[in-house]
Each structure stands twice: as structure tokens, then as C-alpha cells.
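These entries record what I looked up in the structure, taken in the order in which I consulted it.

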Amino acid sequence: MVKRYLILVLFVLVSLPGAVAAGKSSGKEDFRSIDELAAAIIAYFPRLGGEVAAVQGREVTITLGKKSGIKPGMILTLWREGKEIIHPVTRAAIGREEDEVGSAAVVTVGADASTAVIRKQIRKPVKGDRARTCQSKVTLAILQFPDDRRGIAEELADPLDGCGRFTVLDSKKAESFLEGKNQRDSALIREMSRRFGLDAVVVVGNGPPKDSSLVTVTLFHAEDGSELASLTGRIRRESGAATLGEIKPFFMPLTEGGAGTPVLPIDARFFVSADLDRDGTAEHVFSDGSRLYIYHENTTGWREIWTEPAAWAKKGTKHLYLDASDINGNGKPEVFVTARQGGIVTSMVLEMRNGNYRRIAEVPGFLRVIDYPGRGPVLIGQDFAPKLFFTGAPKEYAWSGNKYAAGPDVNLPKGVTLYGFVFAEVGESRPVLIAFDASDRVQAYSGDSLIWKSEAQYPGSYGGGREARIKGRILAFDSDGDGRDEIILPRNEEDSFLGGDRASELHCMRWTGKRFEPKGNRVDIPGAALDIRANGEKQVDMRIRALLKFPGGLFKKDKTRIAFFPGTCSQETGDSKQ
């Protein structure tokens, strides 16, 4: 179901203070597409915090410069730390009260500091007071005029509402409010702000008929109708062209054993599969290292149904890991995307809501999902430190109070990191932990005790590259119905001439009581295994899906494909063909 967003048709342009007149261009194009327009708007609503460095009359100097992303026109809340808050039982200090000082509008931005003018004063500001932008979600309305280009606002609403920073006002509430009202001015914006608790209004305007690609966008503070910023750009529409989302890449169903699998239209690095919309068929989420793509699978083939808006992606983003599971308990799996951007690591959480994919949370540090025998899927995570990479004890995370909250520690054997391990029921008194060590050998632990280590090495793919220190996956499931899990893992073979991995093998191993030994024939693949997944509710339906990279050699590009392999280790399996 497509959500209807607020699209108001404004007939009197000049009645809005500070609005950019349609047809006038500043000469600078701020955007050339809906994604670029959304990114430009998002940039005016960052989460920032600084201090008051100086006070001169009604002007304050704030310790936020250009690198922070602050811009003229932004509104900062000024506050002061108050008295300590004491726990009534333990008598320990658990925080401080916040005394509101007022608000200030940024007028100039320098390299290391900015100047703001007091808009509202509750207390006299002093050096050392704190300043910050709105930390909660920004509630905004999108207005557009005239009504022959309302499609821009419709397309703009999705990336803004889905980025996790905004709540876009629904059109039904607005239409009811506007009924019988004729004014289209700042007073209307203020009245709407009071009724719906708006923080900002986005006004989209069109160019003249001779230059219909010109679009002007003005951002307003909802509280008083004052202008925050004006943006100008061109969004071209070809005659008869399909609207956004109508035409998506499509490819035919996949075949068993890797034979005849189509080349993916993206340079995928890893993937995860789950029934994200609970319609009984799987969706497949791919990452090319910096952007997500979702495909829907049915009997006629796979079709791309969603691409991560460019406005969500931050420059330099590098995905490290993908997982999916229903951790918040609403019946729909969430997608967990751990990424590195600049000097930090964060995990974004994506979920299908109201007919589209939305960011529902962002958690500092690393996240992944493990299947623990007897408990099912468990979300675990760990903090990031630039030099150590993983720091602190891994912890369980649970959905609580509309957020993912860290809980008890996860005890892992010494040397086992957050990624590259799996728990398996192999017939012992307790689940066995199987993990890659630093030299790509496979180790088995009972509790903290090492009970087996492979002689052979099993180099696999590393999420984010080897420098990211994120190991590949090991699969564990009961492939033959005997009540004991087998483990399946890839082994990549490096090309000594061209570099990189050129071929791989899939190995299945079973526990004998003393060691893991091969079970069934290995599967030889003329390409590198980037990622592997097991899919199927029952043992008889189990299939292994592998994301493979086939080298193109000196003169052709590498190709990535998805291949199916039988989920049973007991039958004879032949080589996979390219």
C-alpha cells in the first residue's frame, strides 16, 4: 500500500515569506534528481552538539564549524546543565537536569565556529552553555505548487520519510485541516505547526512553461514561518518515460548447481535472504559495498523492488556485514547493515513498513544475528575502537522501548571475534562453537575449551576486505535428518598471477566425536565464494545459496552470480559449471 503524503497546492506564491519565485535561478544547481534533492534537504537537519564559546549582546559564538555540517539558518536549542539527579534508593548520581536557556538562529559559519542570533530567551546565555540541533525525529510537511508537478513531492516523500530522520505528515490530516481555509501564507504554516507539531515545511515550486525542468525548493521553520534555505535544481522528465519504480532490473529463475545462473546487474559483495514482507516468498538483499538493493523472488523470476536512496548513503560508506531476522517480534524480519563511515562503525536497521522499506534504528558499533540451539535467533553486538577494531565484551541486544538495547555479555572463547563463528548441535552434551581462527583454520570449542582444530586452511571472503577483520560465514544445519548438524563452509583459491580469488570449493563436514571429517563430495566452483546462506524451513527443502564472483581475466569485468546447491551432504554432487 502506497502511503499518501501531504501535498498542498499553493496558488499564491508571493504570500509565503522568503519563497523563491518560480522561474528564478541562483545559477547554482543544488540537485539534479529526487535523490540529490532529498540529500540536500537532509543536510539541513543533522544531529549536532556544541558549546557557547562567547556571548556578545544577542549574538553567541558556537563551537561548531563548517566540518560539522552546520549551515546558516539552522536553529539551535541552548541549554545548561542543572543540578544532579540522585537515585532515591541507591543515592547515586544518575544524571543532571537540563535547564532550557532559549534558541538561536545560525547566521554565519566559519572554519571552527559559527555565530548565531538569539531568537527566544528564557535565561541569559553564558559561556559554557550547550547548543544542539533537534535530536529527535523532525516532523515536516511537503507542499507543492502548482498542481501539475505534484509527482515530485510524492517521490520526495519516500526518501525523506524512509531515511530515519523525518516523519512526513500524512495528506489525510492535512486535507481535513485545510478544508475551508483560503490563506496560503506564513500564518497558515504557524497554525499547522501548532495543530500537528511540525518542525519544518518543504515548499516545492515549478519553473515557467518554457523551462519546466527547473525546480525551486524552499525550507521553512514551521514555528514562525521564517525561511531556512532555498535550493534550485533541474529534474528532467522525458516524454512517455516511466515513473520512478515502474521499471526495475529483472532476471529469470535460478537453476540448481550454479549452471546457467544469470549475471547480477550489480557488483554484489554479500547478501541475505528472508521473507521481509511475509507474503510467503523470499526477498534477497544485496550490498555492493556501499548501497543496498532488494529483489523479490517468485516462480517467474527475480525483480528488483527497492534500491537504497542515494540520499541515505554517506560519502565513504563501506558495508561490512548483512543479516536479517525478526528480533523486534512484529512478525517481519529486520535487515541489519553494519557499515564503516570515516572513523566510526554503526549498524543501520531496515524494515518493511507501510509498503516501503524504512530505517527504524541506528545502533553504534557492530551487529550480527546468531542462531543458538534451543533459543533461535539472537542479536549480538560489540563496540568499535579505531585501533582495536572490536572493543569491550560482545553483548546481546533486545528490542525494548522502541530501540535495540544492550543486555548481558556474550561469553566467547579467547581469540574468537564477533564474526566468523556458528553454534552447532553435533551430539555433544552442549552446543559446540565452530569458528575461524586468525590463520583461517577451523576450530571447535566446548565452552571455553578448544576440542579440535583443522590442519587445512579455509580462506573465505572478508566483509569489507581483510583490513576490516570480519570473517566469512560458516553454515550449520542438519542436512540428513539424523538430529545432528553438519557444517558447510567455502574455501577460496587465490589466483597467483592476477591476484584475488579465482575459484572455490564448498566443503561439508560432520563431527565424529573427536574431529570434523568430510561428508560427501566437495563442490568445485570456477569462481570465488563471496557469501553463502542456507534457506528452507525443513530439511528436505534446504538449499545452499552462494554469491559467486567469476573472474573476467585481463580484458573483461568480473561477474557476480547467485547459485543454488543441494542442502544435503550425503548425496553425490558434481562440479558447478560457469
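This is a predicted model: local features need pLDDT of at least 70, side-chain atom pairs count only at pLDDT 80 or more; totals for chains, interfaces and linings use all residues.

**Entry 1: phenylalanine 389.** I then located phenylalanine 389 in strand β24, which covers residues 389-399. Its backbone called for a remark: phi is positive, about 75°, although the residue is not a glycine. I noted for comparison that most residues other than glycine have a negative phi.

**Entry 2: asparagine 402.** I next turned to another residue with a positive phi. Asparagine 402 has a phi of about 60° and is likewise not a glycine. I found asparagine 402 in the loop between β24 and β25, the latter strand spanning 404-409.

**Entry 3: histidine 221.** I looked up where histidine 221 lies and placed it in strand β11, residues 214-221. With a relative accessible area of 12%, histidine 221 is buried. Which residues is histidine 221 in contact with, leaving aside its neighbours within four places in sequence? I listed Gly73, Ile75, Ile189, Asp199, Ser226, Glu227 and Leu228.

**Entry 4: a sheet of four strands.** I traced an open sheet of 4 strands in the order β18-β19-β20-β21, and its pairing is antiparallel. Why is one side of β18 and of β21 left without a neighbour in the sheet? β18 (318-325) and β21 (356-364) stand at the edges and each has a single partner strand, so one side of each has no neighbour there. I recorded an average twist of 25° from one strand to the next.

Within this sheet I examined the pair β19 and β20. Strand β19 (residues 334-341) runs antiparallel to strand β20 (residues 344-353), and 7 bridges join them. Valine 337 stands opposite methionine 348 in β20.

**Entry 5: the chain as a whole.** The chain has 4 helices and 37 strands. Of its 578 residues, 48% are buried. I put the accessible surface of the chain at about 27,800 Å², with 48% of that area belonging to carbon and sulfur atoms. Among contacts with a separation of 6 or more, 54% are between residues 24 or more positions apart.

Conventions: Residues are numbered from 1 along each chain as its sequence is written. Side-chain values use heavy atoms; hydrogens and water are left out. Helices (H or I, at least four residues) and strands (E, at least two) are DSSP runs, numbered from the N terminus. Buried means under 20% relative accessible area, exposed over 50%, partly exposed in between (1.4 Å probe, protein chains only). Contact means heavy atoms within 4.5 Å. Accessible areas come from the Shrake-Rupley method with a 1.4 Å probe; for residues, only the protein chains shown count as cover. Two strands pair if DSSP finds at least two bridges between them. Axes are lines fitted to C-alpha atoms, for helices over the stretch in contact, and angles run from 0 to 180 degrees between N-to-C directions.
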